[in-house]
Amino acid sequence: MPQSAEKVLDHRPLFREPEYREMLKNKKEKYENGHPDAKVQEIADWTKTWEYREKNLAREALCVNPAKACQPLGAVFAAAGFERTMSFVHGSQGCVAYYRSHLSRHFKEPSSAVSSSMTEDAAVFGGLNNMIDGLANTKALYDPKMIAVSTTCMAEVIGDDLHSFIEQARGKGSVPQEFDVPFAHTPAFVGSHTNGYDNMLKGIVEHFWKGKERTAGEKINIIPGFDGYCVGNNRELKRILDLMGVDYTLLADASDVYDTPSDGEFRMFDGGTPLEEVKAALNAKATISLQSACTPKTLEYCESHGQQTAAFKYPLGVGATDELLVKLSELSGKDVPDALTRERGRLVDAIADSQSWLHGKRYAVYGDPDFVYGMARFLLETGGEPVHCLATNGNKDWEAQMAALFATSPFGRDCKAWGGKDLWHMRSLIATEPVDFLIGNSYGKYLERDLKVPLIRLTFPIFDRHHHHRFPVWGYQGALRVLVTLLDKVMDTMDVDTNEPGVTDYSFDLTR
Amino acid sequence: MDDLTQDAAFNERLIEEVLQAYPDKAQKRRKKHLNVAKDKGQDEDGQPLTECDVKSNIKSIPGVMTIRGCAYAGSKGVVWGPVKDMVHISHGPVGCGQYSWSQRRNYYIGKTGIDSFVTMQFTSDFQERDIVFGGDKKLEKIIDEINDLFPLNNGITVQSECPIGLIGDDIEAVSKKKNKETGKTIVPVRCEGFRGVSQSLGHHIANDAIRDWVFDKKESDYVGGPYDVNVIGDYNIGGDAWSSRILLEEMGLNVVGNWSGDATLAEIERAPKAKLNLIHCYRSMNYICRHMEEKYGMPWEEYNFFGPSQIAMSLRKIAARFDDKIKEGAERVIAKYQPLVDQIIAKYKPRLEGKTVMLYVGGLRPRHVVNAYEDLGMVITGTGYEFGHGDDYQRTGHYVKGGTLIYDDVTGYELEKFIEKKRPDLVGSGIKEKYPVQKMGIPFRQMHSWDYSGPYHGYDGFAIFARDMDLAINNPVWGLFDAPWKKKAA
């Protein structure tokens, strides 16, 4: 008997014990009716061939292991970035349980949202009563300052009209007349979570700006976009803006609500963009998006009010941060302070110190379109080759932008962007054209297992490592942290590869 | 410590107080879901019995933050998803499959992507055109592509997401057609998320799909023996089914099918050939047990492998269905593990004695784990089901003591208030509840995923369970919450 109170064995060691191995072998042989081992090996090998890759890339209907989520997740994330705002997702309730779980597993934090809990009868008659009762209950129980309504695909398919429903609920006294209930239709069968973010954010600004006269001021609105690293990144961004002395409003700032302290009190709401500031944001001189794919509609709306706009692609690395600072400086009239110039210099210094270890390394990168762009751009700056760049929610335009990026560097020569492809496609790409490292999220660990390519976790969602998102990847400081992450993986991998005593450890160097 | 009668009055006041926050209509509805267990004498075995009288299995109220999921979660996430050699298509938009991908820790042995597919996300990734023009053609193509790229799959299930039933797709016709073409089992499951009021209807629909699309399509040619049993409703979370199987085999039984953790389709097909169904998660799989009883004359027996007192009782109850060889086997197993049990209790009971626990989970756990805590000297002061039915609450009466707070389909608001006021030493619930509870300074264990630990079933699992409850409660972090310069308000 392997188990003892002295040294309790959980699943990892327990099932490796002989009793269990024997039991599982017996189960397989007698009861599972599986395929012969040789056949399984044959197919496993075949899945790594060029022949399989071509078949795999020719898929037209099936999606396997996608790197994207659905619109309402983005809407819930966007709404979480506003002061005392509760997300109310109109439709089936299971969806909301999923968004909350998904966000909590990544942030290791509470994630609050409610559902209108529509069932069969609502599918037939529509969900008006669910909206009327739901808004009243949410307001009474959770005392939010704003309720941001989005939709699941169920409500979209049956065609519920949010604007009309909310007004009718108001009429029935579910919430006071003046209570803020912005909304966005967020069909899960269109686009991805990045579109849901855009739709919800646009819904919120439109709610506050519609019909209002703009008095152009000097402030700058900044939209971070859907970002699992918002905790670290938004704080870093604010530090940079404060150092520059820029007068700004961060629209949709979830850095506090997804990073509340443990001191005995559960804060359902914390931080977020104050609603008064959202109203005043109409008068901004410009609105800047840090993730272009998260904001096309929102920026268009800002432009329609006469604001200048600019969209960046995840400001990660030297050049991307430079461009952001130049733009901020241009818009605000404030010079980039020496403190930031020195930070830049220190980052470049660090890259130079370590350049030999990253030069020529081959990477596969996947994630949201802007993350992949920003990451690839930084890899190029380190002399790396982002060979396979993949965004399941990337389109043809994104592929073209990536191609233009690759064309700026000799290190981009053999690189290719794959829009609309999934991680099972990525498996074929890496199996046939191997890379040194894979950059993505926790789902990448299955590729790491199958292809033995070391995974570097740098984007949402990260379920199996803790607290990465509490540190920034944006700005010069963020890039420094990304640099260290890359180097640690490179050198750890090298050590593991050279640690066999008397066989490979001549290269087990003390100093690198 | 066993006397919770003083708690009863407190709990009744607490319910009244919490209900005050609701608008009238919601208050009336929620009131029926909250109660305090009342002493009700003894059951047929002379054990104390309580009445846990709450309304259950009815619609959640909009806008209150129910913790429940949906029918899809009950079918794909619970019943079908763990069947390892089949490909389960999340049919509809991308999200449902994405959020449930690899989240239930249904352990299995196999080459993922080659002959096993549990921790993968296959989706039809519905686009607007699929909603407008229907998805049947796409589904046909998907099935072809799966067979092309994953040739060792032994079957496919179609797990319907909300739009499928709303746009009038005929997934049954597609499944029949493809089954005819390929000879492979294809199971359409009508588990659209808007059906029913929780995961529960999804379990039922998934059970019915086994009946209609597996049992009724093909008879297994397995020739059974006198000691063949199926384990039904063990999803092998963190290896639960394995630490259970080892006990059943040690007592002389042959587990010819495990539903559905680490299962192959063959294990499902073979089930009617066994002698007895042993059911652990009654809520999610009683339907198919009743069907097998009706159609094949197979008896079923409920059992509980959490904690030594229930394990021993269950082993004896199971053995009583067989001859002396098995009965002796059961006694042998109980005797073999007794020293381990004694060691565990000697080590952990002094550290956990008298600690109070509140539970809020799904399936079988709100009652099944009660005695495991009690074996460690801990006291359950509140429990409730996400998606239980009347028969679950009735069964709960055999486990909980009078005075226990009972809450059905609890809302985020209620649970927070109950915990805040009762301040238990430990809360066992899910990922959505974990962080709010911990922020309050109260230790927490996820009792769906075993908080990434496990197994918790069987004797080996009890050791891990005891260790985990101890490490949650007796961790130094809970003493670090107060900054020395902040005086805590009395």
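Predicted model: local features only at pLDDT ≥ 70, side-chain atom pairs only at ≥ 80, totals over all residues.
## Strand pairing and the A–B interface

Residues are numbered from 1 along each chain as its sequence is written, chains are lettered from A in the order in which they are written, and side-chain values use heavy atoms, without hydrogens and water.

Strands here are DSSP runs of E with at least two residues, and helices are runs of H or I with at least four, numbered from the N terminus. Two strands pair if DSSP finds at least two bridges between them. Strand 12 of chain B also runs parallel to strand 13 (residues 379-383) of chain B, again with 3 bridges. In a regular strand the side chains alternate between the two faces of the sheet. Both faces of strand 12 of chain B are covered: B:Thr356 and B:Met358 on one side, and B:Val357 and B:Leu359 on the other, are all buried (under 20% relative accessible area with a 1.4 Å probe, protein chains only; exposed is over 50%, partly exposed in between).

Strands also pair between the chains: strand 1 (residues 63-64) of chain A and strand 5 (residues 122-123) of chain B are antiparallel, with 2 bridges.

| Residue | Opposite residue | Strand of the opposite residue |
|---|---|---|
| B:Val357 | B:Ile380 | strand 13 of chain B |
| A:Val64 | B:Phe122 | strand 5 of chain B |

Now for the interface as a whole. Contact, meaning heavy atoms within 4.5 Å, takes in 104 residues from chain A and 116 residues from chain B. About 9,200 Å² is buried between the two chains, with carbon and sulfur atoms giving 62%; buried area is the accessible area (1.4 Å probe) that two parts lose on being put together, summed over both. A:Tyr31, A:Tyr98 and A:Phe189 supply 9% of what chain A buries against chain B, more than any other three residues.

How many salt bridges are there between chain A and chain B? The count is 10, a salt bridge being a side-chain nitrogen of Lys or Arg within 4 Å of a carboxyl oxygen of Asp or Glu. One of them links B:Glu267 with A:Lys27, with the closest N and O atoms 2.8 Å apart. On the side of chain A that touches chain B, helix 6 (residues 93-107) of chain A gives the largest share, 10 residues.
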